[in-house]
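Hello,

Here is the structure I promised to pass on.

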Amino acid sequence: MGEVAGRAGRGRHSSLTVVLLEFLGSMNLAITLLVAVAIASVIGTVLQQDQPYSDYVLQFGPFWFHVFRQLGLYDVYSAGWFLFIMAFLMVSTSVCVYRNGPGMLREIRQFRLRVQAKSLRLMRHHTERESAVDAAGVGARATRLLRNYGYRVRTADHGDHQVLAGMKGGANRLGYLLTHIGIVVILVGGLIDSKLPLQIALALGDLKVETRDIPASQVPPSSRLGPGTLSFRGNVNIPEGQTADIVFLQVKDGYLVQQLPFSLTVKKFSVKHYITGQPSDFRSQVVLHDPRNDKTIDSTIRVNHPLVYDGYEIYQASFGDGGSKLDFKLWPLNGGKPLVSHGSVFGKYELNTSTGKRRLEFGDFRMFNIDQVPGADGKTKPRNLGPSVTFKLRDPQGVAKQYMNYFVPQTINGQLYYLSGVRNSPSEPYRFLHIPAGPHGGIQRFMRFVGALHDTALLRRVAEQTSASALKAADMHDPAVRTRIRESMVRLLQQFANGGYNAVFEDVQKRVPAAHRQAAGEAFLKVLNAALEGVYIDLLKRDGITRPTQQDWVWFQNAVPALSVLPFYGSPFFLQLTDFKQIQAAGLQVTHHPGTIVVYAGAGMLVLGVFLLFFLAHRRVWVRIEPRDDGGSTVLFAGTSNRNVMDFERQFAQLEERLFARLDKPGDGSS
Amino acid sequence: MSVPHDLMDGLERPSFIRALGLFDWLWAALVLASAVGVYVEFNAALGVYQQAILAGTTAALIGVGWYWKPMRLLSLVIAGLSLLTIALYGSQYSAGESNFILVWWLSSPAAIAWMNGLFLVATVFYVLGLAARGDALSVRSLALGSWLTWAAVTMGFVGLMVRWRESYLIAPDFGHIPVSNLFDVFVLFCVVTGLLYLYYETRYRQRALGALALLIISAAVAFLIYYSVVYHADKIEPLVPALKSYWMKIHVPANFIGYGSFAFSAMVGVAYLLRDRAERLRPDGRVVRRLPSLEILDDIMYRYIALGFAFFTLATILGALWAAQAWGGYWSWDPKETWALIVWLNYAAWLHMRFTKGWRGRPLAAWSFIGLIVTTFCFLGVNIFLSGLHSYGKL
């Protein structure tokens, strides 16, 4: 990567070394390596790095998954071949500096006082003139001029002629050295901080990646690292009030446990929000305790404000739930009494209810759910939906459904609903069950309605009354008809309770010929609706409400759709969160990067070097003065610049004009 | 040896400082006074790094004003209009919806809309100036394009300044310098590229290149309009915690001096190819008559790539320093970081080819245009196609 090819004068080395150095220091190799790094980098950005391996299998299929894994494409920047290219680049750059550095330093030091007139005349900027002034006078004037223009000047008397050499901006050559050495230094620093030692240990089998989801205390020693690891970057979630002295390093498809030389206790984690609801600040109040010197540090860690201790840096990286305490009620969806229970986030509980067995696994608790809703003026406005909890319900066969329930009922079109989302897998969106809240926002009325629909005796009684009043209105008194209507009402209600509208329609399909289906369906719906109304009126009566209000009927209108989808809710009970105590966990990242200072030193050299290289030109000028017999002299003025030739052209013209301004007349005859 | 006295006359080189005139010193005094004013007024809110940034900005502004004189008047006009706008706003953000001057001229949406419009019209005149049959028309058209570009840059900077103030008016904790999302930085790109072009124009006293430089700015303006109309991206949003750092004030602008220079040099590369072709096909045509010589184009292209490379290097390293504070490491192989490296490698290769292999002219011109494609992917493509830590400017 050099500007001066240092090929000459190295005959003393053996030819193999020469060839090798030639190859390693060659421009073509350097460019090839630059391109190789660029292409590898592109791969790393196109293929998302460090994802769970299962995602890659899904994405590429088993065959390509293995091929890509062998190529190290899931962690390109730690792959052996990538590190090899980087190392190669480092060697190539070093060789380049080794070969060209001495030349560059010579360029800065040497004024080239032995320059030949011939080569001066070959320069782009040169001029040759006769002067009436003698050699000494020309020399003095030229020296003064060049010094005024910031040139360092050296002179040499070669007997028949004098050479005056000026130079400026030699630090430009230093720019070459600084940039190239800077790159090497950065790469060395990067190597210190790389995962290379870890990977070697993994390859040799001294370390094993742990892939099981087990408590840190049970991780075997073969997956543990002592506090002496040269460099690492690991994460740990610490619930409020708890302490940790380890972090997890994510490696391939698993993790390693890194021991820290100190412990971290999270006293409190808090999130601040803007008025729009977006988080504005995450802060963890932590206590660091170092048992080696019994030192304790209290600190608040925020994003952009890490805690630095003894070469370790501790960052606010993420946050989550730390096992919040939850009180809840399980409403069996057949009208039984609710089961009052409690648990905590991440807890797993076997539930044995009257309507079935399930395993309850709490996933996450969220205090705030900020939603952007369209406001009256068309602009979206943030709205806080309040706390929510997610959980899985696993049936005895092990099949799980996921749920998300909000703590407080939400207002939708002016009505309050308890919302519960359900889905079969994380890739699906939640489908929400909307349970209308009853008087005073309670859920009881709906649950009692559900219970009523599962109470056969009650349904019979209500059907009896409803059919009686209907027949009376129609002036029909046949007891057989009445029984038939009553029984079909009960059947319809039960079908509806156990299978929603779908079950009713399926029944119609089965029993009625195609031609009459639509009419029959409509009739069935009418009967069903009348029966549901009957059940509802009965329910209200038992509550002492004999004259249902408009509000009560709106509730009924909202309750029927919820009842209709209830059979597809997938759970034999409804979990109502009744109280909670939030416990948060701070996600902290701990890093140890001793190479940082090396990288910064290299980066400083690189920046300084780049600015020297591009904004400073190495300019040289020569004034060759040959005395003539008549007391005058022949002056050859020439110059070069390795950068910004056009600027130099202007300066050279200026220098030329000034230099020769008074050299035409004899120096001693004017005053 | 005795040397006659007058032989030593006329050799003094007027030093840079002594060549400065009254206006230069007035300029320095004014900038310094403003900085002191800012310091006295806002000292309590400034951390030590912010104070360093203030000092650095002051020195840079004085230096740039001395080095490139038109910057002085430009800065004064921008500062004057910005202060006027701030006064018109008072403490009410809602004034932006009622005050006539704010609504139509100086609120940040209005000022940026003016910038957009002025750049687009300037482009038309520059293109006309390059393509017009008559030379008189060409000269007048180019002059008009130039004035419009100055106006566009002015309005763009005023828009950014005012947007900065507006963010504080919405809510004090919203306040931040408008270089935080894709909308902000596109405005920044337009004004920085405009300024970099105008510098060339005043230095070389040559305007026809504006037709190409303004084309790339117009492309950015088109995106800006699309982005605000379709995505309402011009809305001022509060900062995510990761961006709340003084580093943003230096990392982003340094980056955009890089991006702007690369964009301009790419268009100079296009100009080079155009002229090169025209010289072969129509040696006495308008393109050859109006565009600078190939030698000058080659030189400009190199200078802007060198400038861009220097600032891009600086910006990437500043980014690494910031990342070490925000993300737990100076380098995380985040897609944006990685693409910045790719851009850097690309131009490093370009510069090596020029210096060591002695490449000149056509291949480098074509390469500098390819460089623009790589740069654009880094600047925009990463935000659209890839996810990562730099996801502040999501589309």
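Below is what I found, starting with confidence.

This is a predicted model. Chain A has a mean pLDDT of 88, and 96% of its residues reach 70 or more. Two stretches of chain A need care. Over residues 1–11, pLDDT stays under 50. The model has 22 contacts beyond four places in sequence for that stretch. Residues 667–671 also stay under 50, with 12 such contacts.

Next, a sheet in chain A. It is open and has 5 strands, in the order β1-β26-β25-β3-β2. The pairing is antiparallel. β1 (125–131) and β2 (152–157) stand at the edges. Each has a single partner strand, so one side of each is left without a neighbour in the sheet. From one strand to the next, the twist averages 15°.

For β1(A), the partner is β26 (residues 633–641), joined by 7 bridges. One of the pairs to look at is A:T127 with A:F637. Helix α15 (residues 645–660) of chain A lies across β1, β25 and β26. The helix runs at about 160° to β26(A).

There is also a hairpin in chain A. Strands β8 (residues 279–290) and β9 (residues 295–302) run antiparallel, with 8 bridges between them. A:L288 has A:I297 as its bridge partner. The hairpin has 4 residues between the strands, and A:D294 takes a positive phi near 55°.

Last, the contact between chains. Chain A gives 58 residues and chain B gives 49. On chain B, α12 (294–326) and α13 (335–355) each supply at least two residues. The chain B side divides into 30 nonpolar, 11 polar and 8 charged residues.

Best wishes

Key. Residues are numbered from 1 along each chain as its sequence is written. Chains are lettered from A and ligands numbered from 1 in the order in which they are written. This is a predicted model: local features need pLDDT of at least 70, side-chain atom pairs count only at pLDDT 80 or more; totals for chains, interfaces and linings use all residues. Two strands pair if DSSP finds at least two bridges between them. pLDDT is the predictor's confidence in each residue, from 0 to 100. Two residues are in contact if their C-beta atoms, placed from the backbone, lie within 7 Å. Ala, Val, Leu, Ile, Met, Phe, Trp, Tyr, Cys and Pro count as nonpolar, Asp, Glu, Lys and Arg as charged, and the others, Gly among them, as polar. Axes are lines fitted to C-alpha atoms, for helices over the stretch in contact, and angles run from 0 to 180 degrees between N-to-C directions.
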